[in-house]
Amino acid sequence: MAKTNPGRFFEDYSIGQVIEHAVPRTVSGGERALYHALYPARHALYSSDAFAQACGLPASPIDDLAAFHVVFGKTVPDVSLNAVANLGYAEGRWLKPVYAGDTLRSSSEVIGLKQNSNGKTGVVYVRTTGTNQRGETVMEYCRWVMVRKNDLDAPAPETVLPDLKTVLASEDLVIPDGLSFEGYDFTLSGEPHRWGDYEVGETIDHVDGVTIEEAEHMMATRLWQNTAKVHFDATFRPDGQRLIYGGHVISMARALSFNGLANAQMIVGLNGGAHANPCFSGDTVKAWSEVLDKADTAAPGVGAIRLRLVATKGGAPFELRGEDGKYKPEVLLDLDYWALMPR
């Protein structure tokens, strides 16, 4: 009997299947330092214990997206090792901050299946839950992945498409216990712009760009243990190129959005997301945002803001789709999320 794991193929999934992912990981300040080395991340709540404590938290949490990468990376050997591409996200919620010393683990439930018309691939929908050492759920999200078939003669499963929310209501968002922005220090945060300064429909060009290098991408895939073959193995694609991990693009765009959204401190909801086009080493990533909605919260001095974050590899800002309704070829990422901001 083979001791090695070739990963699951499309025909290996079934509706209702629950997968407990190995291996739990205890995070530390090292994850924060490496995350901030990979991305120009500067949001104050994730950079300073003193700033976070002034906002009612016990310490500076691990960056929301760093925690997401850890939880996501655990799922790769079981969900997307044989993926062609990660296609999208929905119903993502950050339920508890993750602090240095917490141990994270992941589990996923298969909630949808659809074989593609070519008979060679299919789309797998999963709902993933990340928990800490106390069994508390720290985050949950849905994603769908195109996965290869190993046995092309395997019968197509019954198509099941999950009914997922296109947008989380503000009531779905969970505000961390104790969070308060009443004593928020705008000088230390880096910008004076409050929740009330942003208008629905407003667009923001984040100006800066970062050229993606092969070395940093490979460090990121190893750090988050994302060993999907399309990211990890240059021999897996005919063109000999590794696809840049989509989460790497998400984190880069989020970091770039600091310039104009420095006070969008915490990500608490992920409404949807699409990796519109592939990213490769040498591409220069830029970002722009659009304000989609705003909502009050019960937390002192805290407002919620819904943002569209778009990452591009060239082209003019604020251009998303062509006349045919498809994403323009320079668009890499279209992400819809909720963040918390001082009022």
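1. Helix H7. In this predicted model, the buried residues of H7 are Gly246, Gly247, His248, Val249, Ile250, Ser251, Met252, Ala253, Arg254, Ala255 and Leu256. That is eleven of eleven, so H7 is largely enclosed by the rest of the structure. The list includes a histidine, His248, and an arginine, Arg254.

2. Helix H1. H1 runs over residues 29-38, and its buried residues are Glu31, Arg32, Tyr35 and Leu38. Why do they sit on the same side of H1? They cover an arc of only 130° around the axis, which puts them on that one side. The general rule is that an α-helix has 3.6 residues a turn, so residues three or four places apart point the same way. The cover over the buried residues of H1 includes strand E1 (18-26), helix H3 (64-79), helix H5 (214-223) and helix H7 (246-256).

3. Start of H1. A side-chain oxygen of Ser28 comes to within 3.0 Å of the backbone nitrogen of Gly30.

4. Largest pocket. The largest pocket holds about 490 Å³ of space. Its lining has 30 residues. Nearest the pocket centre are Val84, Ala85, Asn86, His231 and Leu243. Elements giving two or more residues to this lining are strand E2 (83-94), strand E5 (137-148), helix H6 (229-232) and H7. Which element gives the largest share of the lining? Strand E2 does, with six residues.

5. Leu307. This residue lies in strand E9 (residues 302-312). Leu307 has 0% relative accessibility and therefore counts as buried. Leaving out residues up to four places away in sequence, Leu307 touches Leu261, Ala264, Glu290, Val291, Leu292, Leu335, Asp336 and Tyr337. Trp338 is 31 residues from Leu307 in sequence, yet their C-alpha atoms are 6.2 Å apart.

6. Asp336. Strand E10 (residues 331-342) holds Asp336. Is Asp336 buried or exposed? Its relative accessibility is 13%, so Asp336 counts as buried; the cut-off is under 20%. Beyond neighbours within four places in sequence, Asp336 contacts Leu270, Asn271, Gly272, Leu292, Arg306 and Leu307. The side chains of Asp336 and Asn271 are joined by a polar contact of 2.7 Å.

7. Cis peptide. The bond between Ala22 and Val23 is cis, with omega about -5°. Val23 is in strand E1. Strand E1 is among the elements that cover the buried residues of H1.

8. Positive phi at Glu91. Phi of Glu91 is near 50°, a positive value in a residue other than glycine. Glu91 is placed in strand E2. With a relative accessible area of 11%, Glu91 is buried. Strand E2 also supplies six residues to the lining of the largest pocket.

9. Positive phi at Gln225. Phi of Gln225 is near 55°, again positive in a residue other than glycine. Gln225 sits in the loop between H5 and H6. Its relative accessible area is 37%, so Gln225 is partly exposed.

How values were computed. Residues numbered from 1 in each chain as written. Predicted model: local features only at pLDDT ≥ 70, side-chain atom pairs only at ≥ 80, totals over all residues. Heavy atoms only, no water. Buried < 20%, exposed > 50% of the residue type's maximum accessible area, 1.4 Å probe, protein only. Helix = DSSP H or I, 4+ residues; strand = E, 2+ residues; numbered from the N terminus. Arc of directions from axis to C-beta. Contact = heavy atoms within 4.5 Å. Polar contact = N/O pair within 3.5 Å; in protein donor to acceptor, adjacent residues only side chain to side chain. 1 Å grid on protein atoms, 1.4 Å probe; cavity = no way out; pocket = protein on both sides within 12 Å on 5 of 7 lines; lining within 4 Å. Points joined across faces, edges and corners; volume = space filled by probe spheres on them.
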